[in-house]
Amino acid sequence: MITGAVVLPLSGAARAEIPAPSPAALPPVTAATLEETYEANRANAAEASRMAAEYGDRERAAADREMADPSRRFLSFDGRGFGLATEVFGDLAHADRIAVLVPGSDTSIDTYDRFRDTARALHQRLTREVPRGTRTAVVAWLGYQTPGTVSTTVTTTTRAEKAAPELRSFIRQLRALTAVEGTRTPEQRPRISLLCHSYGSVVCGRAASGLDVDDIALIGSPGTGVDTAAALHTRARVWAARGGEDWVAEVPHIRIDVLGTTVGFGTDPMSPSFGARVFAAGDGGHSDYFRPGSPSLANLTRIVLGETSEVTHD
């Protein structure tokens, strides 16, 4: 595995170059321009669908067409290659509690519905549980090209290192967007929770230093690239959970640098030596953390709402 990760190309299998327009040219997103941003990205998705259909890729054309639906709200959309997208659920500009979901391997426009389902499940639970007077939003951030589950890239930090600056930039943008001028004091700024699944936790680990978020939850994590929560150099509370049937428990927790490439992700975040706040996730598998009715979804909801004393533990 180590030899393959270093010697074989790290780019992974190439996606056929389906024709798609460049991302919509927009000014910096603000609370005042959100609707304009959403409309422009829907139009871009519609054009991407048309171009994919002409190219003969019906599946991509259908996926893009769904993203162009008038009900969808994207902060960004890029239909080229594997595709990138950042979708919003809820009133982002005025939210008091915001969850940002960072996906793991095999997430692209072609498989986006699975990722979207997790964001919708969390948003629905938040809507039911939120205290009166508190507003919530969920952001599904597919802001990087994820590795394939069966690939050399999934064993290295290469994709995470490329993604980390993008995630940092997005959180800065989110902070600026939600600082609605004249309506919030610094003490009223929204809580932002970063929920990082699988390889997404490697991305969050690489981005964590100085990241302006309140909580970082590592779920189904193979590791973060460091050996302790303190080594993430974040002021955020660091949480970890793993379902009883999650295969990631069998991943070896090593980290080796070979020829300038880091293979493996270090200490298990569930380990006491790592120092995360471990919470109950139930007996679910690797894709079950946002399953409606699950202990993990209940606890993630509490973390996002800031009800940390209510989080349950195994």
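So, Arg291: at 36% relative accessibility, that side chain counts as partly exposed, where buried means under 20% relative accessible area, exposed over 50%, and partly exposed in between, with a 1.4 Å probe and protein chains only. Asp288 and Arg291 form a salt bridge, with the closest N and O atoms 3.5 Å apart; the term takes a side-chain nitrogen of Lys or Arg within 4 Å of a carboxyl oxygen of Asp or Glu.

Before I go on, this is a predicted model, where local features need pLDDT of at least 70 and side-chain atom pairs count only at pLDDT 80 or more, while totals for chains, interfaces and linings use all residues. Residues are numbered from 1 along each chain as its sequence is written, and side-chain values use heavy atoms, with hydrogens and water left out.

Okay, how many salt bridges does the structure hold? There are 18. Take the one between Asp212 and Arg189, where the closest N and O atoms sit 2.9 Å apart. Asp212 is in the loop between α6 (199–207) and β6 (215–219), and Arg189 is in the loop between α5 (158–178) and β5 (191–197), so the pair ties together parts 23 residues apart in sequence. Helices here are DSSP runs of H or I, at least four residues, and strands are runs of E, at least two, numbered from the N terminus. Asp212 is partly exposed at 27%, and so is Arg189 at 34%.

Now to strand β2, residues 84–90. Why is β2 largely enclosed by the rest of the structure? Because 6 of its 7 residues are buried. Strand β1, residues 74–78, runs antiparallel to β2, joined by 4 bridges; pairing needs at least two DSSP bridges between the strands. On the other partner, 6 bridges join β2 to β4, residues 136–142, again antiparallel. You can see Phe74 opposite Glu87, and Ala85 opposite Leu142. In the β1–β2 hairpin, with 5 residues between the strands, Gly81 takes a positive phi near 60°.

Stay with Glu87, which is buried at 1%. Its side chain meets that of Arg116 in a salt bridge, 3.3 Å from N to O. That pair links distant parts of the chain, strand β2 and helix α4 (residues 112–129), 29 residues apart. Arg116 counts as buried, at 16%.

Last stop, the cysteines. The structure holds 1 disulfide, meaning cysteine sulfur atoms within 2.5 Å. Cys196 and Cys204 form it, with sulfurs 2.1 Å apart, and at -95° about the S-S bond the link is left-handed. Cys196 is buried at 0%, and Cys204 is buried at 1%.
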